[in-house]
Amino acid sequence: MSTIQSHKYNAFMSYSQAADGKLAPALQAALHQFAKPWYRVRAMRVFRDKTSLAMTPELWPSIQEALAESEYFLLLASPQAAQSPWVRKEVDWWLEHRTAQSLFIVLTEGEAVWAGTTGDFNWTKTNALPVVLQGKFKNEPLYIDLRWAKAVDSLSLRNSQFRSAILDISATLLRRDKDELDGEDVLQHRRFKAILSAFGSVLIVG
């Protein structure tokens, strides 16, 4: 297993275009913006492949490079993702080169049922995860349930439920305390509004 000291991306996002073509970009944008200092372009970097999920030899090397440069694996779990050869290939790479403990699950559709008696997911009821994850977790992994988001027309950080989910994910990816990060987001938002107000005043005076 290789060890990488620094990473270009905080996370690599793996998902089914058919299932989460709308949610994935909203999630990426929110993670980039949450608790972002006004002078930075983004709070973190999340890789999201925008191409077709058709697997081609030409595309895979660039995906491998992005995987190797990512600290965490963000799996948008759904039945479509579980059946996607492309998602399975990405998960396979991650399990071979990293650990399941750095794989973060965001449930967007379907079921992911943990069976405490076996110390694994109940694979007769679980349909949102690729079977390559069978037996890979020592304990029940934490995951975010975003299945409700399918019914929301527009997702932004102004949606309190969505913001709460972004806080949970960001705290993990940035290795920050949730309360601290929550306060930082509020502070940065106030600073940004103050800067906009000051800039507007200068324009009016000018």
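I began with E180 and R176, whose side chains meet in a salt bridge at 3.3 Å, N to O. I noted both partners as partly exposed: E180 has a relative accessible area of 45%, and R176 has one of 29%. I record here that the model is a predicted one.

*Entry: other salt bridges*

I looked up the total and found that the structure holds 9 salt bridges. I then turned to D20, which forms a salt bridge with K150, with the closest N and O atoms 2.8 Å apart. I located D20 in helix 1 (residues 17–20) and K150 in the loop between strand 7 (143–145) and helix 6; the pair links distant parts of the chain, 130 residues apart.

K150, at 38% relative accessibility, counts as partly exposed.

I next examined E111 and R147, whose side chains form a salt bridge at 3.4 Å, N to O. I placed E111 in the loop between strand 4 and strand 5 (114–115), and R147 in the loop between strand 7 and helix 6. This pair also links distant parts of the chain, its members being 36 residues apart. E111 is partly exposed at 38% relative accessible area, and R147 is partly exposed at 29%.

Returning to E180 and R176, which meet in a salt bridge, I checked for shared partners elsewhere.

*Entry: overall architecture*

I counted 7 helices and 7 strands in the protein chain. Reading from the N terminus, I noted the order β-α-α-β-α-β-α-α-β-β-β-β-α-α. Of the 206 residues in the chain, 45% are buried. I looked up the contacts between residues at least 6 apart in sequence, and 69% of them join residues at least 24 apart. The accessible surface of the chain comes to about 11200 Å², and carbon and sulfur atoms account for 52% of it.

*Entry: nonpolar cores*

Which residues have the most contacts inside the largest nonpolar core? In this core of 31 residues, I listed M13, L27, L31, L74, L76 and I169. The elements giving two or more residues to the core are strand 1, helix 2 (23–33), strand 3, strand 4 and helix 6 (160–174). Helix 6 supplies the largest share, 7 residues.

I followed L31 in detail. Leaving aside neighbours within four places in sequence, L31 contacts A43, M44, V46, L74, I166, I169, S170 and L173. I also found a second, separate core of 30 residues, which includes A66, F73, L95 and L133. For context, I noted that nonpolar side chains in soluble globular proteins tend to be buried together.

*Entry: helix 5*

I traced helix 5 over residues 85–97: its 13 residues reach 18 Å from first C-alpha to last, close to the 18 Å expected at 1.5 Å a residue. Which of its residues are buried? I found W86, V87, E90, V91, W93, W94 and L95. I recalled that an α-helix has 3.6 residues a turn, so residues three or four places apart point the same way.

I then asked what covers the buried residues of helix 5. The cover includes strand 1 (9–14), helix 3 (60–68), strand 3 (70–77), helix 4 (79–83) and strand 4 (103–107). I noted finally that L95, buried in helix 5, is among the residues of the second core.

Terms used
Residues numbered from 1 in each chain as written. Predicted model: local features only at pLDDT ≥ 70, side-chain atom pairs only at ≥ 80, totals over all residues. Heavy atoms only, no water. Helix = DSSP H or I, 4+ residues; strand = E, 2+ residues; numbered from the N terminus. Expected span 1.5 Å × (residues − 1). Buried < 20%, exposed > 50% of the residue type's maximum accessible area, 1.4 Å probe, protein only. Contact = heavy atoms within 4.5 Å. Areas by Shrake-Rupley, 256 points an atom, 1.4 Å probe, with all protein chains shown as cover. Core = buried A, V, L, I, M, F, W, Y, C linked by side-chain atoms within 4.5 Å. Salt bridge = Lys/Arg side-chain N within 4 Å of Asp/Glu carboxyl O.
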